[in-house]
Amino acid sequence: MVPTPLPTGTLLVFGLVFVALLLFVTERIPNDTTALAVLVSLAVLEPWTRVGPADAISGFASPATLTVVAMYMLSEGIQRTGLVSRLGATLGRITGGDERRLLGATVGTTGLAAGVVNNTPIVAVFIPMITDLADRYGLSPSKLLLPLSYAAMLGGTLTLVGTATNILASDLSRQLLGHPLSMFEFTKLGVVVFLVGVAYLLTVGRWLTPARIDPASDLTETFDLENHLVRLVVRESSPLIDATAEAADAELAAAGHDVDILQIERDGESYLATTSDQRLRAGDLLTVRTSLQTANRVAGEFGLRHRHRDEVTEDDLSETPHRGTLAEVVIPPESRFVGRRIGDSALDERFDTTVLALRRGDELTRDGLDAVELRAGDTLLLQTTAGAIAYLADRDEVVVTREAEDPPSLDAPQRAEAADPLDPRTPVAVAILLGVVAVAALDWLPIVIAALGGVVAMIVTGCLRPTDAYDAVSWNVIFLLAGILPLGLAMQRTGGDAVLAGVLVASDALLPALGVLALVYVVTAALANLITPVASVVLMIPVAVDTAARIGATRLTFLLAVMFAGSTAFVTPVGYQTNLMVYGPGGYRFTDYLRVGGPLQALVAVVTTLGLAVFWGV
């Protein structure tokens, strides 16, 4: 039998899907840009894709997109109350520094919080708290950060608002089944998955999770800068005398030396080089980022004396009043620094910030930093100012995971309380969030209207400023979501979803319906680990629903399988945003996600598939 050739439109849409998947995996251009390129292509090729301009931009008006925007804003309102960050103090008091208890408190608290607040900001807030507690009690943060990410994902399966993929699945369910998912419709299975996942993380997962970063209270030790921070004394014969630090840096760079002057010490006073207009004098003591070999060459060429025995510590680089502070930060996917070389980022000129080291997974880079192109998930050690780091963090250019500015006389819980006092409007913000959940759960209003109403209430009551609300949204996720939704529409209109469903239906000859359900879960999970969960859910839900209809199975069951698989991408650091956020601070290797997340992925796949069959039938 000769197979029927596919229509031109179907082949064209498959081609767009292939190119999009390739770009998602390689990240040659940002994912949100890829999604917008798909959107434009679908509209331009309307005669074949059957998606016109109005349909192409319909994702921006989708209830799913608007709900995700609102949930980012509501999460920011809760975060600004100081309630979430206060949990750090509570965890420290309850656990007493015991690793097993701290791990249990971390995954339990994170998972439950992620059920009602978007899990990405939860992880962003928890990373510095967990790192601080690990340092205080002499534990490796690596033992806690990967479980933190996994717990946030598991908690996201508890309610409709836990993840963007849940909200998206609800909207697709409305379109395909005429039935949007309710707030707690799948909570019973989410609880089972969460408990099984937590049990794994506290037992087998705890044993498999490596301690990549040694416990250290000094950031210079954490980044192994012992041989990359040196002190040089300006001799009377130095040609750098009377030059500013900026001019001296430029002169050293022109001579081919990779050197950054960080600090100038004179007469018992220290000055941050990037903010000071002090001109170098004979006898000045310079703290410099460079290698020992380069320091020796520079000393000989520019009339400087290398003080070999001087050790530069975190305290030396982060004292007041004229010194800056050290900060460990992660580059999030939405940062404008992604794709830029450090030398072209203008961190030094615009933000008085010097990059001292970069960690990508477990790889450290301390030389030739200007030529390094930044990627999402990179961890940087910065010498900067309190104002600059606050500015960058507020605009989501970086996620601050640790700062060297806490008074040494305070312990971790006291620092948490001092830094993040509870806002008087905390009860109001919590009441608003619970009100949104209740209104949506009781089906009084659609979730999108309830969430947007909650945003209005938070702004009116002063819990959230409009500018903070807009800044809280991860717009790259929103553009990715809005841009990729029309691709699912094109798949349906050209018959592409039916073609893929036919491939899955063919497995029905070898597998029972439960086996086909498991196959749908595994395929979706594989896609979610390679590309974004959003893209995998958009592509697979129509296919799964069509497959279920053809084999006489329950369509809602197959839709939920895709939703759960898209929310639990444990095997790679690039599949889920929270995995990427802990990649650098934990010093993990790519294989660590496979070693710890692989068994968890398999376990959750079995539990989810069986749970779906029990609760909703196949």
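User: How many salt bridges does the structure hold?
Analyst: This is a predicted model, and the structure holds 20 salt bridges. One of them joins the side chains of R366 and D224, with an N to O distance of 3.2 Å. Because R366 lies in the loop between β8 and β9, and D224 in the loop between α13 and β1, that pair ties together parts that are 142 residues apart in sequence.

User: And R366, buried or exposed?
Analyst: R366 counts as buried, since its relative accessibility of 18% falls under the 20% cut-off, whereas D224, at 44%, counts as partly exposed.

User: OK, what does D310 pair with?
Analyst: The side chain of D310 meets that of R231 in a salt bridge at 3.7 Å, N to O; D310 lies in the loop between β5 and β6 and R231 in strand β1, so this contact ties together parts that are 79 residues apart in sequence. D310 also forms a salt bridge with R307, where the closest N and O atoms are 2.9 Å apart. As for accessibility, R231 is buried at 7%, while D310 is partly exposed at 25% and R307 is partly exposed at 31%.

User: Which residues are linked in a network of salt bridges?
Analyst: E76, R80, R465 and D468 are linked in such a network.

User: Switching to β6: which strands does it pair with?
Analyst: Strand β6 pairs in the antiparallel sense with β9 over 6 bridges and, also in the antiparallel sense, with β10 over 4 bridges. E328 stands opposite L381 in β9, and A327 has E403 as its bridge partner in β10.

User: Which way do the β6 residues point?
Analyst: T325, A327 and V329 point one way, L326, E328 and V330 point the other way, and all are buried.

Definitions and conventions: Residues are numbered from 1 along each chain as its sequence is written. This is a predicted model: local features need pLDDT of at least 70, side-chain atom pairs count only at pLDDT 80 or more; totals for chains, interfaces and linings use all residues. Side-chain values use heavy atoms; hydrogens and water are left out. Buried means under 20% relative accessible area, exposed over 50%, partly exposed in between (1.4 Å probe, protein chains only). Helices (H or I, at least four residues) and strands (E, at least two) are DSSP runs, numbered from the N terminus. Two strands pair if DSSP finds at least two bridges between them. A salt bridge is a side-chain nitrogen of Lys or Arg within 4 Å of a carboxyl oxygen of Asp or Glu.
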